[in-house]
Amino acid sequence: MQSLLPYHRLLLRLRLFIIVIVLLLSGDRANGGFNLIQGLLRKLDDERAPSAVQEEAAMGVLRRLLPSHVSSFTFQIVPRGSCGGYSCFSIDDYNSSSEKEPEILIKGTTAVEMAFGLHWYLKYWCGAHISWDKTGGPQLASVPRQGSLPHVGRKGVKIQRPVPWSYYQNVVTSSYSFAWWDWDRWVKEIDWMVLNGINLPLAFTGQESIWQKVFKRFNITDADLSDFFGGPAFLAWARMGNLHGWGGPLSQAWLDGQLNLQKLILARMLELGMTPVLPSFSGNVPAALKRIFPSAHMTRLGDWNTVDGDRRWCCNYLLDPSDPLFIEIGGAFIKEQIKEYGATSHIYNCDTFNENTPPTDNPEYISSLGAAVYKAMHNGDSDAVWLMQGWLFSAQSSFWKPPQMKALLHSVPFGKMVVLDLFADVKPIWLRASQFYGTPYIWCMLHNFGGNLEMYGSLDAIASGPVDARLSQNSTMVGVGLCMEGIEQNPVVYELMAEMAFRSKKVQVQQWIKSYSHRRYGQQHMQLESAWDILYRTIYNCTDGIADHNKDFIVELPDISPGVESNGKMLHFEVSERIKRFILSETDLAVTTPHLWYPPKEVIRALQLFLDGGYNVAGSPTYRYDLVDLTRQVLSKFANQVYREAIHAFQVNDLHYLTVQSKKFIDLIKDIDILLGSNDNFLLGTWLESAKGLGTSPQEKQQYEWNARTQVTMWYDNTKTKQSMLHDYANKYWSGLLEDYYLPRACTYFGYLLKSLRENRSFPLDQWRGEWIAYSNKWQAGSQLYSVKATGDSFSISRSLFRKYIDATSY
């Protein structure tokens, strides 16, 4: 027996050796994408703008942000090797003996890192704050005067990126938020990007002009493209093949103007050292291509949210990636972009399977499709990398099971595909998909749908999720991303998320939020600090896993009879006893229920603290924005309960109580409109005037205004008695929109309720719909002017409304 022991020991060692080799090989495969991305990063570094260009570009950001302190800072590009192979920034005292020399030296691997280092210094040494103009703008009053900037100390500060990329945008942000931007607005946005460390943004502007040039080579006429391109406010969905023609056609002036704008955008991004992501071919083609190439393998897609399957707008043609024409068109598109823009960053977005399920779940077929999509990119750029939204794995999870996911993810060489884990803040895919089976991915926060205005967030998930993902076994995470559908809301959420690209450890949010409140208003204030502590624990700590798409009854009135469901059963409403008090809580409804994930009483307490503590900061733009937003949040949730009380009164035939609650709901709309009208950042007029401003003729201005009005209201097609399937999807709490759109709807609706009860008749649903839809269509085609300048004092209005609705209510 003893003579066999050495053999057994040898056999055991051999088995252990094999296990180790297998683990190493599997680890190499899991990390292979990341390793190949390191090669891509080196290539991008080699092709990046010269150091002098980036240093001057960083100085340009400072000049636009803080012109009084241009001579106080100096910037210097350093090689990645000086940061241990990572991207990084450092902040040091300049140690100058002359008053005319800079005070602070900021180094970085690109201008993005230097700009983020500037932001970091302004935040954590000067108590400053930077947000979008429409969320209060920069708070720079706390920055000491030139010559008196705080020292960082002898050791200085050096921070590395734990992951190489900070990604930015959803493919629909271009329509929900960017549709009407000119170059001046883009300058501000690109500055916001680099100050928040964004180095991998989508760059989708102007692509219709590129498509026009490409499709003409395939005998597609301008008339064919008029039916293919959507209108300016709906381009994102026309690009994805969801619709065609809706809101169009596009004029040549629009096409040329957007192409010129894209060239300015790309030039600025590149001089700042960013890596812009360009579009690629997803297979979405004009219907005329079927006539010109009858033997090509094309599929007519199903209906996407039209009311009656109207083929004037729906059911685009999708060219199969396996068809040789797909590779030819895809390669031509990328080559045309390179011709127009010069060198590209080699990273291209394509979402050909997003909400377009393949005809079969056969893994071999799916793999062949993925390979063909990549081949089309490679045909145009031999260094192409495919960036793909991972939304399909969440939205169509019943189809994309492990074999299908692996087939798609492994259909291209490792490192040539990067996946956006689009909804990782709520429903991460990397956990259930084994790190995307070795494919590099970016941990993303989706957060916002439709550009809705609602206070919402999951700060704890943001502060820990990216770190957990990066430190997990065999992690293939290569970045963090901001993938909201619409921007310019909830600045606290985006500031923390942007920092996570530079945070190697989890953030203690309670301390961070205290610092945030100090910076946001430029001073410490106990009551505002306490208010933000409440907001962190309530509004900004959503853990229920529900995607927050605002469905408040003011902005999305239920399109259903209040008496019965479609199946004939009575709707169930849980309401309070009618003793002049309201239970401010979410209840189970048989209709779509507004999302409520926090105790309203606590948020009301936060608003009380905001008002009590606002006397010393009432002139601050950031305070005024937050006060209006928080007051709107409280009153809109209160209005939801008022609506429920009114419907219950209708159901129990209580005419008096229905009259009382109907009036209260209508008064709330009027009062919230007045509140919103007191702040420049909540005005419908701004959106409409920016749309008209891009028109080059009276006809174009009218078309663009119709696009702008339609997107935020009915959104898509309707019939006389059927609202759009997407009505109110992009709803907005904007002054003017409440007064002239949501208010008439509520008045008409409650008018029919009261009349039905008085006459003891059923609610005339079709009659109500017909009257409302006719009004909506007329309003969308209207040209009434709306203010672009606020009126009234937000602080006084908010205090008055608090007394009127909250103090008067026992809760």
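In the predicted model, His 346 lies in the loop that separates helix H11 (324–341) from strand S11 (347–349). The relative accessible area of His 346 is 9%, so the residue is buried, the cut-off being under 20%.

A positive phi also occurs at Trp 715, again about 75 degrees and again not at a glycine. Trp 715 belongs to the loop between helix H24 (698–711) and helix H25 (737–759). Its relative accessibility is 1%, and Trp 715 therefore counts as buried.

A further backbone feature is found at Pro 249. The peptide bond between Gly 248 and Pro 249 is cis, with omega about 5 degrees. Pro 249 sits in the loop between helix H8 (235–239) and helix H9 (252–271).

Strand S11 is part of an open sheet of eight strands. The strand order is S6-S5-S15-S14-S13-S12-S11-S7, and the pairing is parallel. Strand S6 (200–201) and strand S7 (278–279) form the edges, each pairing on one side only. Within the sheet, strand S5 (residues 165–168) runs parallel to strand S15 (residues 477–482), and four bridges join the two. Trp 165 stands opposite Gly 479 of S15.

Strand S4 (residues 157–160) contains Ile 159. This residue counts as buried because its relative accessibility is 15%, against a limit of under 20%. Beyond its neighbours within four places in sequence, Ile 159 contacts Ser 87, Cys 88, Phe 89, Trp 120 and Phe 502. Leu 36 is 123 residues away from Ile 159 along the chain, and the C-alpha atoms of the two are separated by 24 Å.

Helix packing was examined for H17 and H18. The axes of helix H17 (residues 491–499) and helix H18 (residues 509–521) come within 12 Å. They cross at roughly 120 degrees. Angles of 65 to 115 degrees count as roughly perpendicular and those over 145 as roughly antiparallel; H17 and H18 are therefore oblique to each other. The crossing of H17 with H18 is right-handed. On the H17 side, the contact involves Pro 491, Val 492, Glu 495, Leu 496 and Glu 499. H18 contributes Trp 512, Ile 513, Tyr 516, Arg 519 and Arg 520. By class, six residues in this contact are nonpolar and four are charged, with no polar residues.

Key
Residues are numbered from 1 along each chain as its sequence is written. This is a predicted model: local features need pLDDT of at least 70, side-chain atom pairs count only at pLDDT 80 or more; totals for chains, interfaces and linings use all residues. Side-chain values use heavy atoms; hydrogens and water are left out. Two strands pair if DSSP finds at least two bridges between them. Axes are lines fitted to C-alpha atoms, for helices over the stretch in contact, and angles run from 0 to 180 degrees between N-to-C directions. Angles under 35 degrees count as roughly parallel, over 145 as roughly antiparallel, 65 to 115 as roughly perpendicular and the rest as oblique. A crossing is left-handed if the near helix is turned anticlockwise from the far one by less than a right angle, and right-handed if clockwise. Contact means heavy atoms within 4.5 Å. Ala, Val, Leu, Ile, Met, Phe, Trp, Tyr, Cys and Pro count as nonpolar, Asp, Glu, Lys and Arg as charged, and the others, Gly among them, as polar. Buried means under 20% relative accessible area, exposed over 50%, partly exposed in between (1.4 Å probe, protein chains only).
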